[in-house]
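Please look through the structure below with these numbered notes beside you.

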Amino acid sequence: MSRLIIISNRVSTPSPTGGAQGGLAVALQAALREYRGIWFGWSGETTETFTGHINFQRAGGVTTATIDLEEQDIEEYYNGYANRTLWPLFHYRIDIAEYERGFAGGYLRVNDRFADTVRPLIEPDDIVWVQDYHMIPLGQGLRERGCRNRIGFFLHIPWPPRRLMATLPEAADLTRTLFAYDVVGFQTDEWADSFRDFAIHELGAVLEEPDVLRLDDRTLRLVSAPIGIDATEFVAASRSTAAKLAFRRMRDSAVGRDMIVGVDRLDYSKGLEERFLGYERFLQEHPEERKEVFLLQIAPPSRGEVESYQRIRTSLEGIAGRINGVYADVDWVPIRYVNQGYPRDVLAGIYRAARIGLVTPLRDGMNLVAKEYVAAQDPEDPGVLILSRFAGAAAQLAVGAVLVNPYSAEELSDALLLALKMPRDQRIERWRAMMENVSTEDVLWWRQRFTDVLEAAGPEYAAS
Ligand code: GDG
């Protein structure tokens, strides 16, 4: 069996005790155990001068290989091109995307550094799977270094519509590099369509089959593979002692009121300002509901070195403070706004205690919180998921979620009322439909779907 080499910006080292980890890390580690292989990426550490030294570690049957980067690399590649240029652009925010040649240069330099260091680790029969927007040109870098293996790429975030993508000065060159891969995966058909549109109209690629594009001598297969969660693990987490304690703690502190929960990295793509304003609208329109509910928003800060993230943090504090100032009473606060993270099993207990899961990103590749909320529910008395129609997850969860346009405070307000008043049999019916999807199309399904296509592809280069 081929080995699998996974390459991503950051590597999650398996903890020997099996401690709290994200679903993606768990899935990729399971894949690596099955195939034998290596997970390669940046250590998160800085070094004075880049040496290409690789730090190998082995834990839980998985080998990780990490490198340190220079301060300037991190500034231009990670804080720069990845998080100031591509992240906002790919989430349709060209108003805050920063287009700087220095960022683009740093991004290419770091991708070259990755290619130089990982190339000697790749053996002829390995399959290589590159993850996410930090590493778009890596496949081309590997080809330039003689790598003829099957190489796939998966984009965890949306691909923007063609007219937006065209605002990026390097749009054509960057997109062209994706043709070095054998397979490129997207979370939904919508993002795959946008990519296809750009490739055909801006690069002159030819559509050979609905999912196969040709550009010059390269053939690229597209696949839509929505990422899932490790549903079994998450259901178990929701039944753990820590989850039960968290559930109790939340129910006690709710004193009979219904809890609405939001859990998001503090990021402008998650629609937190609009969510607070929608909730405020609900409080305005329904005075009789005021003391019957409260919103718990958990938002651990992320990417704090980037100015747009500092701005959203300040803005949210202002909005939450204002709403609480206007509506709070001595025995009730409408918004509990918490800027810290919690262990996964505690989070599972909190989800289970919430009558409503409020997941309203303005744009999101998938959104795993929506799926985790579903998995954590009590099948006999589940809560209601309110979900943005602009999250990738909406394509799968429309069967049971209350879908909303997150830009509309009125729609949010209506959805909150609908969810709060929803009878139990309807909640159960909706939840079952969603749970069926969450447990079937889970993270292992996702990984298999992608690696099956990749294994069946090419390798075109091997023949040449
Ligand atoms: C990107 C794409 C796509 C959050 N707070 C805590 C905590 N979390 C965990 C959640 C969830 C994860 O972080 C967030 O995943 P999302 O999918 O919601 O969002 P992104 O971080 O933006 O992820 C996204 C994803 O990649 C995978 O492809 O779905 O669209 O943007 O698992 O639970 N975890 C813990 N404590 C917290 O306080 N332990």
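1. Which of the 21 residues around the ligand come nearest? They are His-156, Tyr-342, Asp-364, Met-366 and Glu-372, where a residue counts as near a molecule or strand if one of its heavy atoms lies within 4 Å of it.

2. Before going further, please note that this is a predicted model, in which local features need pLDDT of at least 70 and side-chain atom pairs count only at pLDDT 80 or more, while totals for chains, interfaces and linings use all residues. Residues are numbered from 1 along each chain as its sequence is written, and side-chain values use heavy atoms, with hydrogens and water left out.

3. Oxygen atoms of the ligand lie 2.6 Å from a polar side-chain atom of His-156, 3.1 Å from an N or O atom in the side chain of Gln-187, and 2.6 Å from an N or O atom in the side chain of Glu-372. Taken alone, the ligand exposes 730 Å², of which the protein buries 83%; such accessible areas come from the Shrake-Rupley method with a 1.4 Å probe, and for residues only the protein chains shown count as cover.

4. Helix H12 (344-353) and helix H13 (368-375) each supply at least two residues of the shell around the ligand. Helices (H or I, at least four residues) and strands (E, at least two) are DSSP runs, numbered from the N terminus.

5. Lys-270 sits in the loop between E11 and H10, and is buried, with a relative accessible area of 10%. Buried means under 20% relative accessible area, exposed over 50%, and partly exposed in between (1.4 Å probe, protein chains only). The side chain of Lys-270 makes a polar contact of 3.0 Å with that of Asp-364; a polar contact is a pair of N or O atoms within 3.5 Å, and within protein one must be able to donate a hydrogen and the other to accept it, while residues adjacent in sequence count only if both atoms are side-chain atoms.

6. In H15, the buried residues are Leu-412, Ser-413, Ala-415, Leu-416, Ala-419 and Leu-420. Seen down the axis of H15, these fall within an arc of 165°, so they line one face of the helix; the arc is that of the directions from the helix axis to the C-beta atoms. Among the elements that they pack against are helix H10 (272-285) and strand E11 (258-263), contact meaning heavy atoms within 4.5 Å.

7. The buried residues of H7 include Trp-191, Phe-195 and Arg-196, and after this helix comes Gly-204, whose phi is positive, near 80°.
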